[in-house]
Amino acid sequence: MKRYKIAWLPGDGVGKEVLEATQIVFDKLNFNAEYIHGDIGWEFWCKEGDALPQRTIDLLKEVDAAMFGAITSKPVKQAEAELIPELQGKGLIYRSPIVRMRQLFDLYVCLRPCKAYKGNLLNYKDNIDLVVFRENTEDLYAGVEFHPVPQELTDVLTKLSRPFGAFANHNANDFAISCKINTKKGSDRIIRAAFEYARKHNRKKVTVIHKANVVRATDGLFLETAHQVHKDFPEIEMDDANIDAITMWLLKNPNNYDVLVAPNLFGDIVSDLCAQMVGGLGFGCSGNIGQNLGVFEPTHGSAPKYAGMYKVNPIATILAGKMMLEWLGEKELAERIEKATAEVIAEGKVRTYDMGGSNTTLEMGKAIAERL
Ligand code: IPM
Ligand code: MG
């Protein structure tokens, strides 16, 4: 077996703890890898003005894949206030390192499987088995935002767009613009990834999520692209739904759905809903996948109030580890992790606080490792 290079990016708060538990599982698995620590997180924002330092970006260029814990994010003004004095007033702007990694490395697929493991008391219904494909690089996450709005932009929009007239009289500081930018290429590749997954895993249906009845330009393009891509996958059923309606339908009949694909923000929202139906963020795992790199993480954040307590459920991260192994082509190792995790859940003896128990993060890691 090849010796892999894995970037190990614990980040902040409970990120460190859940990765520690995942390490216990990997060590037991005899996964042949070198784990290379990477600096990332709030500490580096405060000390260096950069939560994702260049040396970590360079590390990511060298590795086969990365495991990422979690990061603390704070609003712009508070972020500025926590910088060391030498860095204040320099116009440094905090941007989420995970969003930056996705964009820098073009990790365009955000893959979020949500499966109701048997015996998980937190399951909303039995047999839920959803797979969310979230576009990961564009849409409202493009980072093209204005506040205050420059006069040049106001002038152009006044000229080009009739409805914009209603906003043009506001002072530059009294309105803000965040651009939702979606491309044909970006839409095509995420939708294609969803269909290809469906084909490979024998899934019956892909549901395209949008709001094309109101947000006609961008979501119209997304939906139109989906119809074109579908022609290459005639054996797979496709349907589509508005983002608002799908939240109700998913809750009502989760078993009617299979693979879901959505633009970035709607995918963010719907993937939290799906995670909650299979036990909450302690079970939500995520892969950020591009052509040359995959960064795998739990969907939950750094949970500052639990930091240092070793309370948080590491299953989401351990399952993210399973996704990483799968993506690296280590199918058998991936299956072993999933089987061991499913057994520990089904047995119900070792449970973290979210599962109604009092076991620690590391005890859960050990219990899964012992089952391997
Ligand atoms: C997620 C998270 C991130 C996102 C945050 C932490 C920037 O909510 O991965 O779903 O919005 O993408
Ligand atoms: Mg989210």
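**Terms and basis**

Helices (H or I, at least four residues) are DSSP runs, as are strands (E, at least two), and they are numbered from the N terminus. Axes are lines fitted to C-alpha atoms, for helices over the stretch in contact, and angles run from 0 to 180 degrees between N-to-C directions.

This is a predicted model, in which local features need pLDDT of at least 70 and side-chain atom pairs count only at pLDDT 80 or more, while totals for chains, interfaces and linings use all residues. Residues are numbered from 1 along each chain as its sequence is written, and side-chain values use heavy atoms, with hydrogens and water left out.

**Domains**

The domain assignment divides the protein into domain 1 (1-108 + 283-372), domain 2 (124-135 + 181-277) and domain 3 (145-178). Such bounds come from an automatic or database domain assignment. Between the C-alpha centres of domain 2 and domain 3 there are 32 Å.

**Helix H1 against H12**

Helix H1 covers residues 14-29 and helix H12 covers residues 315-328; their axes come within 9 Å and cross at roughly 50°. H1 is therefore oblique to H12. Angles under 35 degrees count as roughly parallel, over 145 as roughly antiparallel, 65 to 115 as roughly perpendicular and the rest as oblique.

Contact means heavy atoms within 4.5 Å. On the H1 side the residues in contact include Val 18, Leu 19 and Phe 26, and on the H12 side they include Ile 318, Gly 321 and Met 324. The contact residues comprise 9 nonpolar, 3 polar and no charged. Here Ala, Val, Leu, Ile, Met, Phe, Trp, Tyr, Cys and Pro count as nonpolar, Asp, Glu, Lys and Arg as charged, and the others, Gly among them, as polar.

**Helix H1 against H14**

H1 also packs with helix H14 (residues 361-371), at an angle of about 15° and with the axes 8 Å apart. H1 is therefore roughly parallel to H14. This crossing is right-handed. Among the residues in contact are Glu 17, Ala 21 and Lys 28 of H1, with Leu 362, Lys 366 and Glu 370 of H14. The contact holds 7 nonpolar, 2 polar and 5 charged residues.

**Helix H8 against H9**

The axes of helix H8 (residues 184-200) and helix H9 (residues 216-230) cross at roughly 45° and come within 9 Å. H8 is therefore oblique to H9, and the crossing is right-handed. Residues of H8 in this contact include Asp 188, Ile 191 and Phe 195, while those of H9 include Phe 222, Glu 224 and Val 229. By type, the contact residues are 7 nonpolar, 4 polar and 4 charged.

Methods: Chains are lettered from A and ligands numbered from 1 in the order in which they are written. A crossing is left-handed if the near helix is turned anticlockwise from the far one by less than a right angle, and right-handed if clockwise.
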